[in-house]
Amino acid sequence: MLIYGLKNCDTCRKAIKALPDAQLVDVRQDGVPAEVLARALARFGAALVNTRSTTWRGLDDAERASDPLELLVAHPALMKRPLIAAGEDLFLGWNDTTQAEVKAAQ
């Protein structure tokens with residue numbers, strides 16, 4: 001199981017603590033594989049882009065209007081976190097519902 005997120009993100013830390021066998025992939029350092037990012041965008045659509053982030057607020061209107069996949073490749077911190085890959089399943093965020101779904105998928 002892989003958790004795509006940021007090592008300093010509180011939500012990612014909660015997910016790592018709850019899933020001790022999972023491995024964290026820091027998206028700023030390592031990025032997200034293009035195939036995983038494309039699958040996540042197809043599954044979650046616009047919800048994959050965190051429009052409440054500081055990075056988003058720093059973008060101009062032209063950048064915000066660009067293709068979400070290109071935007072996430074250029075600015076990996078824009079991705080809503082964590083993105084959890086468990087086999088072929090993908091989960092986004094870390095709330096009670098996601099926790100139950102991830103644990104059921106283990």
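This is a predicted model: local features need pLDDT of at least 70, side-chain atom pairs count only at pLDDT 80 or more; totals for chains, interfaces and linings use all residues.

Q: OK, and which way does S1 run against S3, parallel or antiparallel?
A: Antiparallel: S1, residues 2-5, is joined to S3 by three bridges. Tyr 4 stands opposite Leu 83 of S3, and Leu 2 has Ala 85 in S3 as its bridge partner.

Q: How many bridges join S3 to S4?
A: Four, and S3 and S4 run antiparallel too. S4 covers residues 89-92, and its Leu 92 is the bridge partner of Leu 83.

Q: What do S3 and S4 form, and what's in the turn?
A: They form a hairpin, with two residues between the strands. Gly 87 sits in that turn and has a positive phi of about 65°.

Q: What holds strands together in general?
A: Strands of a sheet pair through backbone hydrogen bonds, and the pairing can be parallel or antiparallel.

Q: So what's the strand order in this sheet?
A: The order is S2-S1-S3-S4, in an open sheet of four strands with mixed pairing. S2 (23-26) and S4 stand at the edges with a single partner strand each, so one side of each has no neighbour in the sheet. From one strand to the next, the twist averages 20°.

Q: Which strands does H6 touch?
A: Helix H6, residues 96-105, packs on the sheet and touches S3 and S4. The direction of H6 makes about 160° with that of S4.

Q: Switching to H2, which residues are buried there?
A: H2 runs over residues 34-44, and its buried residues are Val 36, Leu 37, Ala 40, Leu 41 and Phe 44. Looking down the axis of H2, you'd find them within an arc of 130°, so they line one face of the helix.

Q: Why would residues a few places apart point the same way?
A: An α-helix has 3.6 residues a turn, so residues three or four places apart point the same way.

Q: What do the buried residues of H2 pack against?
A: They pack against S1, S3, S4 and helix H5 (68-74).

Q: And which residues are exposed on the other side of H2?
A: Ala 34, Ala 42 and Arg 43 are exposed there.

Q: What follows H2?
A: Gly 45 comes after H2, and its phi is positive, near 60°.

Q: Let's zoom out. How many helices and strands are there in the chain?
A: Six helices and four strands. From the N terminus on, they run β-α-β-α-α-α-α-β-β-α.

Q: What radius of gyration does the chain have?
A: It has 13 Å, which agrees with the value near 13 Å that a compact globule of 106 residues would have. Along its principal axes, the C-alpha trace spans about 40 × 25 × 25 Å.

Q: How much of the chain is buried?
A: Buried residues make up 40% of the 106 residues. The accessible surface comes to about 6,200 Å², and 48% of that surface belongs to carbon and sulfur atoms.

How values were computed
Residues are numbered from 1 along each chain as its sequence is written. Side-chain values use heavy atoms; hydrogens and water are left out. Two strands pair if DSSP finds at least two bridges between them. Buried means under 20% relative accessible area, exposed over 50%, partly exposed in between (1.4 Å probe, protein chains only). The arc is that of the directions from the helix axis to the C-beta atoms. Contact means heavy atoms within 4.5 Å. The radius of gyration is taken over C-alpha atoms; the globule rule is 2.2 Å times the number of residues to the power 0.38. Accessible areas come from the Shrake-Rupley method with a 1.4 Å probe; for residues, only the protein chains shown count as cover. Axes are lines fitted to C-alpha atoms, for helices over the stretch in contact, and angles run from 0 to 180 degrees between N-to-C directions.
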